[in-house]
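Here are some notes for a colleague who is new to this structure. Please read them alongside the model.

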Amino acid sequence: MTDRPSKVLIAGATGSIGRHAAAEALRQGYTVRALVRDKARAAKILPDGVELVVGDLTRPETLAAAVQEVDAIVFTHGSTTSERDVRDNDYAGVANVLKARRGRRVRIALMTAIGTTRPGVAYATWKLRSERLVRASGNPYTIVRPGWFDYNQPDQRTIVMLQGDKRQAGSPADGVIARDQIARVLIDSLHIDAANHKTLELIADHGPEQDELTPVFASLTPDSGESLDAAEDDVNLPVTNEPETFRHDLATITAGNHKVGG
């Protein structure tokens, strides 16, 4: 795994998780850059000390400045449960940033959602495809699938990491987690070796929050470098049957692995 990153780009920084992630990254001593569409609005939302770079995840030509000289990228962006929105924003944002890095090695933390592998749910499948691009990118990474935001009780702060994406009710019954804890897990994963190549569902149980998450990450099964899918997932999406958009992005990102040493 790479050394601890120093400069972190947050995609989706003005969103409800991204704001927490920016603050947490600053607290942990990172230099923080935020990709924003409206600089004036972002300046009112984000903490002092965050560098604001204007760009749009859906417009690849605007991303070069954002990815320059960063050694970690945290994806916290998200749209709706519309297939079109998730394809054109959530998925495309990951694909466009990965291509913009032009093969440079970066540490990645990607937030998707619990239930991403639900069969027959079109918007979830596009989130799953974004995960597949990250796994194929040749970078160290952690993929975090949070439960339902802020449905937790005040005493429900013990961080729990699951695998296999077996909770698929589509309701808070799948698990709950606070927004600030999602941000903490994403930022912690950047420097914890045991988090590398791990995919997890993130929920909270009753009890206090842990001071150290290394043992929790260490208990997880790492993803196989020979698969596009998470270690314990049950997924049946042959690449040959995938949409042309995904197959093209996958080929481009995989080819990019060989441009710069990893």
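How many residues of the lining of the largest pocket are nonpolar, how many polar and how many charged?

1. The model is a predicted one. Its open sheet is built from eight strands, with mixed pairing, in the order S3-S2-S1-S4-S5-S6-S10-S8. The edges are taken by strand S3 (51-54) and strand S8 (158-162); each has a single partner strand, so one side of each lacks a neighbour in the sheet. From one strand to the next, the twist averages 25°.

2. Ala34 has Leu52 in S3 as its bridge partner.

3. Helix H4 (residues 83-100) packs on the sheet, where it touches strand S4 (72-75) and strand S5 (107-111). The direction of H4 makes about 170° with that of S4.

4. The largest pocket holds about 1000 Å³ of space. It is lined by 44 residues, and those closest to its centre are Thr76, His77, Gly78, Ser79 and Asp90.

5. Several elements contribute to this lining. At least two residues each come from helix H1 (18-27), S2, helix H2 (39-45), H4, helix H5 (122-136) and strand S7 (148-149).

6. As for the opening question, the lining of the largest pocket has 15 nonpolar, 19 polar and ten charged residues.

Definitions and conventions:
Residues numbered from 1 in each chain as written. Predicted model: local features only at pLDDT ≥ 70, side-chain atom pairs only at ≥ 80, totals over all residues. Heavy atoms only, no water. Pairing = 2+ DSSP bridges. Helix = DSSP H or I, 4+ residues; strand = E, 2+ residues; numbered from the N terminus. Axes fitted to C-alpha atoms, helices over the stretch in contact; angles between N-to-C directions. Contact = heavy atoms within 4.5 Å. 1 Å grid on protein atoms, 1.4 Å probe; cavity = no way out; pocket = protein on both sides within 12 Å on 5 of 7 lines; lining within 4 Å. Points joined across faces, edges and corners; volume = space filled by probe spheres on them. Nonpolar A, V, L, I, M, F, W, Y, C, P; charged D, E, K, R; others polar.
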